[in-house]
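Colleague: Can you take me through this model? I'd like to start with a sheet.

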Amino acid sequence: MKTSRLRTLLSLFGTATLLLGMLGLAGTEPAQAAGGQGVELVAPPFTRKPYFHRMTLTPSLSGAKRGDVLLIDTEGDLWRYTLDAKSISLTPRVRIGTGWYGLWIIGPGDWDGDGKADIIAVDYKGNMYLYPGNGNGGLVASKKKQIGSGWTGYKLTAVGDWTKDGKPDLLACHGVTGDVWVYPGDGKGGFKSPRIRVASGWNYVVPMRAGDVNKDGNLDIWTDDWNSNLWMHAGTGNNTFRPRVQVGSGWGTYDEAGGADINGDGLYDIVAMNWANGNVYLYPGTGTKGEFGARSLIAAGWDGY
Ligand SMILES: [Ca+2]
Ligand SMILES: [Ca+2]
Ligand SMILES: [Ca+2]
Ligand SMILES: [Ca+2]
């Protein structure tokens, strides 16, 4: 429990989410819904200690095969990293935004349908914003627009195209009820109603990542619980899951992000940062049983708290 509690303290947004849930905001529907072993490698040259605040994986913001890793530091700067295939390490980072402190970031892919991957962010008030991508690794901050409200109490992640209509969707787990919802995207920057409840009682969920891990064509969700165990929920393609399967343990020291292919092999991966020492690892998807391959150290020095 120690590491879980530590992570709860460190996760500013997560803490706020839980508190808001306890204050009776549970069950409110967001407004728009009406609608192994480490391989020691050389770390990138960090010029400023990137105090870890929030991390997500996203389909490439520059249209590349390999997805990006996004990180918000404690000064509110948003950084983009890409895995260098030769050295299997994150390349020198690029700052693509400022003023992102305290935002919960999601990498949904092309949310507004212009062919360029976008970013969605939720602030502590539960307001949701779309930041259109410029197709060249950055965002068009001037075109930021609010696309929702009332998201306090939800743990959000990108899920890919759950509804199989060619448009990316979001996945949200309510921190108190444990209800897990898919919010279909309309492919034009907003949402399509109705939302779809795909699970309930997932109160144990700490982070949540999604992708077709076992490559059977149906999206899957993997989570870890308060006891640091990693669980795989294989999707059936019919808004239900097969019985969950434990695929790891000891994940309590990590903060993880998933939902994109970082090493470019077509399989979803997990990137995990160890709170204790700031090491960042790639757990490559294997495309078989939803388990992940041997980890590689892809960055270091991401500790700060
Ligand atoms: Ca777009
Ligand atoms: Ca969809
Ligand atoms: Ca699957
Ligand atoms: Ca991969």
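Modeller: The open sheet of four strands is ordered 14-15-16-17, with antiparallel pairing. Strands are DSSP runs (E, at least two residues) numbered from the N terminus, and two strands pair if DSSP finds at least two bridges between them. This is a predicted model: local features need pLDDT of at least 70, side-chain atom pairs count only at pLDDT 80 or more, and totals for chains, interfaces and linings use all residues. Residues are numbered from 1 along each chain as its sequence is written, while chains are lettered from A and ligands numbered from 1 in the order in which they are written.

Colleague: Which strands stand at the edges?

Modeller: Strand 14 (208–211) and strand 17 (245–248). Each has a single partner strand, so one side of each has no neighbour in the sheet.

Colleague: And how are strand 15 and strand 16 joined?

Modeller: By four bridges, between residues 220–224 and residues 230–233, running antiparallel. Trp222 stands opposite Met232 of strand 16.

Colleague: Moving to loops. Where does Asn239 lie?

Modeller: In the loop between strand 16 and strand 17. Asn239 has a positive phi of about 65°, although it is not a glycine.

Colleague: What about the peptide bond from Ser193 to Pro194?

Modeller: That one is cis, with omega near 0°. Pro194 is in the loop between strand 12 (180–184) and strand 13 (196–199).
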